[in-house]
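The tour goes from sheets to strands and then to rings.

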Amino acid sequence: QVQLVESGGGLVQPGGSLRLSCAASKSDFSRVTMFWYRQAPGKQREWVAFITPSSNTNYQSDVKGRFAISRDNAKNTLYLQMNSLKSEDTAVYYCRGPETWGWGQGTQVTVSS
């Protein structure tokens with residue numbers, strides 16, 4: 001069973017920044033596309049961003065220009081730099097690899113004054 005451990009969430013004011021991390025226990029991390037998802041209260045989980053093994057990236061339109069996904073294959077770690085945060089970014093954030101890897105426990109991000 002692959003372990004995905006997200007961290008870095010917290011409470012931040014609107015306009016602030018956070019950097020999320022996701023540590024993966026799988027040794028073939030460098031060869032798979034990795035995703036960040038989020039789930040806001042009362043809403044369905046949604047895709048936020050992904051990064052391919054060659055570090056091509058794509059973003060949901062709501063976060064484009066504010067969030068940046070990256071990876072460190074030497075550390076089996078995925079990152080999400082979140083800038084200019086808005087209240088609507090409040091959610092539990094999850095990282096995800098291939099479907100067979102399952103989900104981590106997520107990390108809570110709360111944007112509030």
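**First stop: the six-stranded sheet**

Select the six strands that form an open sheet of mixed pairing, in the order E2-E10-E9-E4-E5-E6. Strands, written E, are DSSP runs of at least two residues, numbered from the N terminus, and two strands pair if DSSP finds at least two bridges between them. This is a predicted model, in which local features need pLDDT of at least 70 and side-chain atom pairs count only at pLDDT 80 or more, while totals for chains, interfaces and linings use all residues. Residues are numbered from 1 along each chain as its sequence is written, and side-chain values use heavy atoms, with hydrogens and water left out.

At the edges of the six-stranded sheet, look for strand E2 (10–12) and strand E6 (57–59), each of which pairs on one side only. From one strand to the next, the twist averages 25 degrees, with axes taken as lines fitted to C-alpha atoms and angles running from 0 to 180 degrees between N-to-C directions.

**Second stop: strand E4 and its partners**

Select E4 together with E5, and you will find the two paired in the antiparallel sense over five bridges. They form a hairpin with six residues between them, and Gly42 in the turn has a positive phi of about 75 degrees.

With the side chains of E4 shown, Met34, Trp36 and Arg38 lie on the covered face, whereas Phe35, Tyr37 and Gln39 lie on the uncovered one.

Which residues do ring pairs link into a cluster? Select Phe35, Tyr37, Trp47, Phe50, Tyr94 and Trp103 to see them. The structure holds five aromatic pairs, where rings of Phe, Tyr and Trp (its six-membered ring) pair if their centres lie within 6.5 Å, and planes under 30 degrees apart count as stacked, over 60 as edge-to-face and the rest as tilted. The rings of Phe35 and Phe50 have their centres 5.7 Å apart and their planes at 55 degrees, so this pair is tilted. Because Phe35 lies in strand E4 (residues 34–39) and Phe50 in strand E5 (residues 46–51), the pair ties together parts that are 15 residues apart in sequence.

Move on to Tyr37 and Trp103, an edge-to-face pair with 5.1 Å from centre to centre and 85 degrees between the planes. Tyr37 lies in strand E4 and Trp103 in the loop between strand E9 (91–96) and strand E10 (107–111), so the pair ties together parts that are 66 residues apart in sequence. Trp103 counts as partly exposed, at 38% relative accessibility (buried means under 20% relative accessible area, exposed over 50%, and partly exposed in between, with a 1.4 Å probe and protein chains only).

**Last stop: the four-stranded sheet**

Finally, select the four strands that form an open sheet with antiparallel pairing, in the order E1-E3-E8-E7. Strand E1 (4–7) and strand E7 (67–72) stand at its edges with a single partner strand each, so one side of each is left without a neighbour in the sheet. E1 pairs with strand E3 (residues 18–24) in the antiparallel sense over four bridges, and Ser7 stands opposite Ser21 in E3.
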